[in-house]
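Please look through the model shown here with its side chains displayed, and follow the contacts in the order in which the paragraphs take them up.

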Amino acid sequence: MKRQLSQDMHVLELIKGGAQTFTLRIIGLALTYILTILICRNLGARSVGIYALSLTIVGIAYALGKLGIENAVLRFTAEFSAKDDYGVIKRIYALSIKLLVPSGIIVSVLMFLVSPLLAQSLFHKEHLSLSLRIVSLGILPTMLFSLNAEALRGLKRIRAYSFLQSPACYAFSIVALLIFLSFSSDVLLPVFAYTISVFLVMALSFYLWISALRPKAAGVRYGQFDLRDLLSVSLPMFITSFSALIMGWADIIILGLFRPETDVGIYSVALRVALLPSFVLMAINSIAGPKFAEHHGKGDMAGVKKIAQQAAKLTGLSSLPIIIALVLGIEHFI
């Protein structure tokens, strides 16, 4: 009876956390479309293409610089949070900051310096150089707010995590772009708006993380945790996640190599529509991930298996209506 109740609680937590994340992801998706429409109507498809291509190129540098640290922080934060060992969590977070700050600075400087070479020699688009340099300034803030978001996820602050990962940056970008549009119509305005937004999201993420940790860790001394243990988890995760990101970004990069920015802009809009069902998977994973780490830390492999099964069922059932709606919608328009 107790075991059944525990399983039911896990299902409810998956549904509740997944629903919160899905809602915020949908809001983020809506804001993405609003931002895209705003750029298209005021600056044209070429501006959308420059924006998408710049973020993709710099995104590769960002993924290289973060070393998978945020994934390791998620795992260990969830594990030690379940044990109420917040001293170790403070230590892990401090180690992560010490690794990410110099890494982010180095990657940002390198990207800033090689931007003209990438723009002229590789993409044959000289005007892309300034755009890449502007976006490169946001690499470190992006690393830091991603770290804080995953740490919040480890503490099961799913709403805060989901807000930082999806709607926050787009919301700030829209506000910044609207302000800029009242003064100029330069095609690089979206890039400026994005860079400013990541700094704002970074500041917000530190506030949310400190607010979440302070009540639990006030007066708690830093625990013992070895840097090698952090890297032993982060580096394998880095290889896996970076490979997945490269596969996900290859289309934009290849298109940018051979086609003008206008085509890149049109394609990026269509791609967002096609990827709508994947938001369900991300929503379920946002709460399932910390629970995997929690049960693995306790040695409860049966619990890990059960959560995986429940998450798979919820993902399949929740995605199906969206897929059907997209197929019917496409047929209708054809």
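Helices in this account (H or I, at least four residues) and strands (E, at least two) are DSSP runs, numbered from the N terminus. The structure is a predicted model, in which local features need pLDDT of at least 70 and side-chain atom pairs count only at pLDDT 80 or more, while totals for chains, interfaces and linings use all residues. Residues are numbered from 1 along each chain as its sequence is written, and side-chain values use heavy atoms, with hydrogens and water left out.

Rings of Phe, Tyr and Trp (its six-membered ring) are taken to pair if their centres lie within 6.5 Å, and planes under 30 degrees apart count as stacked, over 60 as edge-to-face and the rest as tilted. Across the whole structure, a search finds five aromatic pairs. One of them joins F76 and F80 in a tilted arrangement, with 6.4 Å from centre to centre and 35° between the planes. Because F76 and F80 are four residues apart in helix α3, about one helical turn separates them. An α-helix has 3.6 residues a turn, so residues three or four places apart point the same way.

Burial is judged here by relative accessible area, where buried means under 20%, exposed over 50%, and partly exposed in between (1.4 Å probe, protein chains only). F76 counts as buried at 6% relative accessibility, and F80 likewise counts as buried at 13%. F76 also forms an edge-to-face pair with F225, at 4.9 Å centre to centre and 70° between the planes. This second pair links distant parts of the chain, since F76 belongs to helix α3 whereas F225 sits in the loop between α9 (189-217) and α10 (227-258), 149 residues apart. F225 has 11% relative accessibility and therefore counts as buried. Taken together, the ring pairs link F76, F80 and F225 into a cluster.

Charged side chains can also be examined against one another. Side chains of opposite charge can pair when their charged atoms come close. A salt bridge is counted where a side-chain nitrogen of Lys or Arg is within 4 Å of a carboxyl oxygen of Asp or Glu, and a search of the whole structure finds five of them. In helix α3 (residues 69-82), E79 and R75 are four residues apart, which means that they are separated by about one helical turn, and their side chains meet in a salt bridge of 3.8 Å, N to O. E79 counts as buried at 10% relative accessibility, whereas R75, with a relative accessible area of 27%, is partly exposed.

A further salt bridge joins K66 to E70, with the closest N and O atoms 3.0 Å apart, and both of these residues are buried. In helix α6 (residues 139-154), R153 and E150 lie three residues apart, about one turn of the helix; they form a salt bridge whose closest N and O atoms are 3.2 Å apart, and both are buried. Elsewhere, salt bridges that share partners join R75, E79 and K83 into one network.

Finally, charges may meet rings. A charge sits over a ring if NZ of Lys or CZ of Arg is within 6 Å of the ring centre and within 35 degrees of the ring normal. K90 lies over the face of Y222, 4.9 Å from the ring centre, and R133 lies over the face of F112, at 4.5 Å from the ring centre.
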